[in-house]
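Me: I would like to learn how to read some features of a protein model. Please take them one at a time.

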Amino acid sequence: MRFEGSNQYVATADLQLAVNAAITLQRPLLIKGEPGTGKTMLAEEVAKALGMPLLQWHIKSTTKAQQGLYEYDAVSRLRDSQLGGVDGGRVQDIANYIVKGVLWQAFDADQPCVLLIDEVDKADIEFPNDLLRELDRMEFYVYETRQLIKARHRPVVFITSNNEKELPDAFLRRCFFHYIRFPDKETMQRIIDVHYPGLKRDLLGEALRVFFDVREMPGLKKKPSTSELLDWLKLLLAEDIPPEALKSGDRKKIIPPLHGALLKNEQDVHLFERLVFLSRTGQ
């Protein structure tokens with residue numbers, strides 16, 4: 001069971017090596033990198049390439065580790081007990097009110113699956129620690145029903161992080177780590193070729209030049225990502241923008257067309273206008 005990339009995802013050699021190392025070690029693969037560099041899509045493409053089901057757990061600031069295991073729906077049980085027409089046996093069996101979480105579904109799957117825990121750093125700092133035992137031993141205890149749930153097959157676990165919070169050392173020790181570096185121009189061109197295989201070379205060249213120029217501007221609050229470049233290219237094609245429009249020397253057009261796909265706040269727009277104007281006037 002080895003991942004060697006896919007037709008829909010450009011995986012560099014070091015990224016493929018990291019995925020296969022995590023599979024060999026049977027450890028979660030912790031993926032970090034700038035937003036929009038394909039961390040979430042990696043799990044989706046690995047699942048497709050290996051022919052495995054994909055289960056996704058998207059973490060929010062309010063998410064608790066217990067929700068990934070199971071939740072006891074006491075409210076529904078109380079409501080059913082108060083309704084005269086409900087089967088009394090159902091109310092008596094507490095298992096009817098246990099809602100399986102994503103981890104339980106992964107542990108209980110008939111075949112090995114890919115489990116994505118997306119943006120783990122959004123949750124409380126204790127969230128990763130609360131999952132240490134479950135991810136390490138692949139088992140957990142259901143106190144309401146007095147069951148020990150063990151994984152039938154060990155899932156391939158992907159955990160993504162945008163570095164919003166530091167993760168605990170004990171959690172990091174149990175993971176294989178990989179940082180997705182931002183693609184260079186050659187890799188970015190390969191990514192674009194996957195999504196827009198018929199894109200004209202002159203338009204691609206000018207778009208990449210503008211994109212990397214924007215990213216390299218000093219003081220930029222938010223650098224545009226790979227996904228935002230793809231969005232911008234889609235708009236350029238939809239509006240039939242010629243390559244010449246991306247290299248216009250007209251001061252009234254110092255901002256590239258449809259720049260709202262790349263620059264996402266007014267400070268960066270003003271900064272870009274100022275820096276480009278100064279460079280074109282030679283100041």
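Me: What should I know about the model before starting?
Reply: This is a predicted model, in which local features need pLDDT of at least 70 and side-chain atom pairs count only at pLDDT 80 or more, while totals for chains, interfaces and linings use all residues. Residues are numbered from 1 along each chain as its sequence is written, and side-chain values use heavy atoms, with hydrogens and water left out.

Me: At what angle do helix α10 and helix α11 pack?
Reply: Two packed helices are described by the angle between their axes and the distance between the axes. Axes are lines fitted to C-alpha atoms, for helices over the stretch in contact, and angles run from 0 to 180 degrees between N-to-C directions. Helices (H or I, at least four residues) and strands (E, at least two) are DSSP runs, numbered from the N terminus. Here α10 (residues 185-195) and α11 (residues 201-215) pack at about 130 degrees, and their axes are 11 Å apart.

Me: Which word describes how α10 and α11 lie to each other?
Reply: Angles under 35 degrees count as roughly parallel, over 145 as roughly antiparallel, 65 to 115 as roughly perpendicular and the rest as oblique. The pair α10 and α11 is therefore oblique.

Me: How many salt bridges does a search of the whole structure find?
Reply: A salt bridge is a side-chain nitrogen of Lys or Arg within 4 Å of a carboxyl oxygen of Asp or Glu. The search finds 15. Among them, R209 pairs with E206, with the closest N and O atoms 3.0 Å apart. R209 also meets D213 in a salt bridge, at 3.4 Å from N to O.

Me: Where do R209 and its two partners lie?
Reply: R209 and E206 are both in helix α11, 3 residues apart, which is about one turn of the helix. D213 is in α11 too, 4 residues from R209, again about one turn.

Me: Is E206 buried or exposed?
Reply: Buried means under 20% relative accessible area, exposed over 50%, and partly exposed in between (1.4 Å probe, protein chains only). E206 has a relative accessible area of 16%, so E206 is buried. R209, at 33%, counts as partly exposed, and D213, at 37%, is also partly exposed.

Me: Which residue forms a salt bridge with K122?
Reply: The partner is E119, and the closest N and O atoms are 2.8 Å apart. K122 is partly exposed because its relative accessibility is 31%. E119 is partly exposed at 21%.

Me: Which residues make a nonpolar surface patch?
Reply: Patches are made of residues with over 30% relative accessible area and no salt bridge: like charges are joined within 9 Å, nonpolar side chains (Val, Leu, Ile, Met, Phe, Trp, Tyr) within 5 Å. Accessible areas come from the Shrake-Rupley method with a 1.4 Å probe, and for residues only the protein chains shown count as cover. Y141, Y143 and L148 make a patch of about 350 Å². Y143 lies in the loop between β6 (139-142) and β7 (147-150), and its relative accessible area of 63% makes Y143 exposed.
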